[in-house]
Structures are given as C-alpha cells and as structure tokens.
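Biologist: I have just opened this one and I am new to it. Could you walk me through it, starting wherever you like?

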Amino acid sequence: MDLHEDARSQQDDLARLRQDLHREPEIGLDLPRTQERVLRELDGLGLEISTGTDTTSVTAVLRGEGSARDSAEPRTVLLRADMDALPVQEATGLDFAATNGAMHACGHDLHTTSLVGAARLLHTHRDRLNGDVVLMFQPGEEGWDGAGVMLKEGVLDAAGRRVDAAYGLHVFSSMLPSGQFASRPGTLMSASHKLLVTVHGEGGHGSMPHRAKDPISAAAAMITALQTMITRRLDIFDPAVLTVGVIRGGTKRNVIPATAEFEATVRCFSDDTAALLDTTIRETIDGVARANGVTADVVFENEYPVTVTDVDETAFGAEVVRETIGEQYYTELPNPVAGSEDFSRVLAAVPGTFLGLGALMPGLEPHTAPNNHSPYADFDPSVLSRAATVYAELAVRRLDRFAEGALR
C-alpha cells in the first residue's frame, strides 16, 4: 500500500477542509458545527459511528477486512485528534481567519482534518487492514478534559474490546521545521495544575493605605514570592513552571478594593513535585498574606497528568515515520516539553505514543515564529497529507505486527 501517495492526492481537499474548520472555531466540550462537519466528512466510509452524551465527540470504528481480521480476537488500534479551539481573537490576517472571538491557535483544525484523511485512506485499503481502528475525534482538550469524558463514555472499548495501542499527533507553528516529526520515550509532556487565589483585605481610600488592608499589593507580593519559591524549594532536575495569566482587582485608581484575585497555570513532570507544589504554594501564599495583614483562599487542582509514552511504541512510531516519510524527518527530543495534554489519560490506560509535527510556515524560523496559542500563530497546510499518512500507517503497521506476533 502506498498510503503516502494516496494521501498526497487528497492534499487539496484536506486543505479546504482545514480552512472551513478554521473559519468556525468552537470552544470547550460543545462543538456542534465541528461535530456536524466531521460526521459529514465520514459519511459513506462504512464506519460504525457513535457520538458523545456529555460532549459533542465522534467515535468511529473502522472494521478491517484483512485475513487476520477473522481471528478469534482481532486487535484494535486507536487514533486520536482533538477538535476544539481557544478563546483567542485571531490576528493572522488570513483569508479564512475566524471572526467570532475564538481561534484554532493550537492547530486542532489540522489534527481533525488529518484524521479525516486517515479515515479515508484506511477505508480505501480496509482489505489489507488486519484488525479494527477506533477514530477518536475529541472536543475539550484545552482545559476541559475531553479525553477524560470520552474515556468515561467508553471510547477505549468502542470496537467491542479494549484497544491494544493508541496514537496521537500534535502540530507546532514553531520549534520544529515543517514536516519534521518528533517525540521521545518516557516522559514527554508535563502535568498541568490550576491555581486560583483570592486575597481578602479591607477597602479604603488610595491616599490612606494605612487605613486599609491592600489586597492588590499583597497579591503582587505573592506572585513574586511564588516565582522565588519555584527556584528555591524545588529540585532543579525535577523542575516546575508557574505562570500567572490573570489578575483581577479594583474599580478605580484611587480606591483600594476589598479583594483581588489571580490565576496561574502550574506545570511539573512528576507526582512527587506535584505534591510538593501543593504544599509549598499554600505555605508561601499564607506567609505573604499574614505579613500583609490579609487572608487568602487557595485552590490548587490537578488537571492533566504527565504524558508518558511507551518506550516500544515510541520506537515503533519513529520507525513508521522514517520508513514512510523519510529517515531525516524524525527527531528524538532531548527533553520533555512543558505543555500538557489530556491524551496523557489514554496513554496511562493503554500503550501508545504521541508525535509532534512541525508545521512552520515558509520563510519563518523555528525559534522566532509565533508559537501555538498566539493570535498570530499560523500552520503550514502542506503537512496535512503527511500527517494523514502517518496516522494511517501507524494503524496499518501496528495491526500487521499484531497479526505477525512480532509485538505483543
């Protein structure tokens, strides 16, 4: 099967689908227009399709027709693409830029399109497919734990038995050259945690701060102290990142408010550091609060666990890229990435791996191009056929290996 050649013949159609998805981004777990478009694109492929009850997910099962499919216990592979966008006002200036206040600034429109392309490839070559493939079209990756919802709804057992291996893919608008795949065995991406802090003081006149208890200056001191805590309380070889993205407080420049709030994302790479962060963050905020005569409510919540890839499956993924795309198009990452993924939940349940794919626009440099989540982030659409090829090849070759008994 020359899946790559077949995928290249789809490139123009895939690029148009990606543009259509990009024009109408949707946020969170409820993506009705995106779900409708995916269902339309999958229509006619003979898939067993189900949709979510708590989210607008799409789960499609493709039954292979290869000789090994008739065995008593046919194997199953899962391929995942996330579909949701971000609450970002797009500033790319593209002809197909979104105008509804949301944006596919993380490239999920490319993921969805690529998995549609893979579904078409696998359908065309289903007579050679030695098992079944579960296609997981997931809403709510951007902080909504859509993968967790789909796992609860049974996506891993959609084919009638637990999937044997799972693969995901993510594009990047910077960091990697266009068309370059990358991953690493073991710890690949960080865990993520949510930090919400509400500082309670006493309001007053801005000219007489000694007659009030200023929550804004206390919040500012807490933010600074937290950055120092990260560098002084944690092992530098098991690092963490704490970034404050939201500060709220006050109504007028000469009024000291009664409360102030800030929100942060916290990333780390081990359960031990996560537990230590929970303790030290609370201690730090409490100490600063007492020093400023205020109090503080702290919420520290675990969001996504560390993304850990299977060693053998990651080696297999690298082999697939090298043999189907080219030896030079796979790079092993020297270090984990501080971004987080709810595909980590799938990889915690079944063996698998997660591949990064460079989608750097022509003429840009990997280390200076707008990054994912930027309102200026743009992605090279020429990688779509390559991504569809790798998705499909991962399924085909893994099912072949199961049939041969080479990997168990």
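This is a predicted model: local features need pLDDT of at least 70, side-chain atom pairs count only at pLDDT 80 or more; totals for chains, interfaces and linings use all residues.

Biologist: Where is the place of His-123, and which residues is it in contact with, leaving aside neighbours within four places in sequence?

Modeller: His-123 has its place in helix H3, and, with those neighbours left aside, it is in contact with Gly-44, Leu-45 and Leu-62.

Biologist: What does H3 pack on?

Modeller: H3 packs on a sheet, where it touches strand E2 (58-63), E3, E4 and strand E5 (165-172), and its direction makes about 150 degrees with that of E3. That sheet is an open one of eight strands, in the order E1-E2-E4-E3-E5-E16-E6-E15, and its pairing is mixed.

Biologist: Which strands are at the edges of it?

Modeller: Strand E1 (48-51) and strand E15 (330-332) are the edge strands, each of them pairing on one side only. From one strand to the next, the twist averages 20 degrees.

Biologist: And how many bridges join E3 to E4?

Modeller: Seven bridges join strand E3 (residues 76-82) to strand E4 (residues 132-138), and the two run parallel.

Biologist: Changing topic, what does UniProt list for "binding site"?

Modeller: The UniProt record, which is an unreviewed entry, lists Cys-106, His-108, Glu-142, His-170 and His-373 under "binding site". Those residues span 268 residues in sequence, yet no two of their C-alpha atoms are more than 13.1 Å apart, so they gather at one spot.

Biologist: Which of this set does the lining of the largest pocket take in?

Modeller: Cys-106, Glu-142, His-170 and His-373 from the set belong to the lining of the largest pocket.

Biologist: Tell me about His-108, then: buried or exposed?

Modeller: His-108 counts as buried, since its relative accessibility is 1%, and it lies in helix H3, which covers residues 108-124.

Biologist: What about His-373, where is its place?

Modeller: His-373 has its place in the loop between strand E16 (352-358) and helix H9 (384-404), and with a relative accessibility of 38% it counts as partly exposed. Leaving aside neighbours within four places in sequence, His-373 is in contact with Leu-86, Val-88, Ala-105, Cys-106 and Glu-142.

Biologist: What is its phi?

Modeller: His-373 has a positive phi of about 85 degrees although it is not a glycine. As background, most residues other than glycine have a negative phi. Asp-145 is also not a glycine and has a positive phi, of about 55 degrees. The place of Asp-145 is in the loop between E4 and helix H4 (146-152), and this residue is partly exposed, with a relative accessible area of 22%.

Biologist: Which domain annotation does UniProt give, and what residues does it cover?

Modeller: The unreviewed UniProt entry carries the annotation "domain: Peptidase M20 dimerisation" for residues 196-276. The end C-alpha atoms of residues 196-276 lie 17 Å apart, and the span is 31% helix and 36% strand.

Biologist: There is also a sheet of four strands; in what order do they come?

Modeller: The four strands form an open sheet in the order E10-E12-E8-E13, with antiparallel pairing. Strand E10 (240-249) and strand E13 (295-304) stand at the edges with a single partner strand each, so one side of each is left without a neighbour in the sheet. The twist there averages 15 degrees from one strand to the next. Nine bridges join strand E8 (residues 191-200) to E13, and these two run antiparallel, with Val-197 standing opposite Val-298 in E13.

Biologist: Which helices pack on this sheet?

Modeller: Helix H5 (residues 215-233) packs on the sheet and touches E8, E10, strand E12 (259-268) and E13, with its direction at about 15 degrees to that of E12. Helix H6 (residues 271-291) packs on the sheet as well, touching E8, E10, E12 and E13, and its direction makes about 165 degrees with that of E13.

Notes. Residues are numbered from 1 along each chain as its sequence is written. Side-chain values use heavy atoms; hydrogens and water are left out. UniProt positions are given in the numbering used here, feature names are shortened, and annotations may be inferred rather than shown by experiment. On a 1 Å grid over the protein atoms alone, a cavity is a set of points where a 1.4 Å probe fits but cannot get out, and a pocket is an open set with protein on both sides within 12 Å along at least five of seven lines; lining residues have an atom within 4 Å of a point. Buried means under 20% relative accessible area, exposed over 50%, partly exposed in between (1.4 Å probe, protein chains only). Contact means heavy atoms within 4.5 Å. Two strands pair if DSSP finds at least two bridges between them. Axes are lines fitted to C-alpha atoms, for helices over the stretch in contact, and angles run from 0 to 180 degrees between N-to-C directions.
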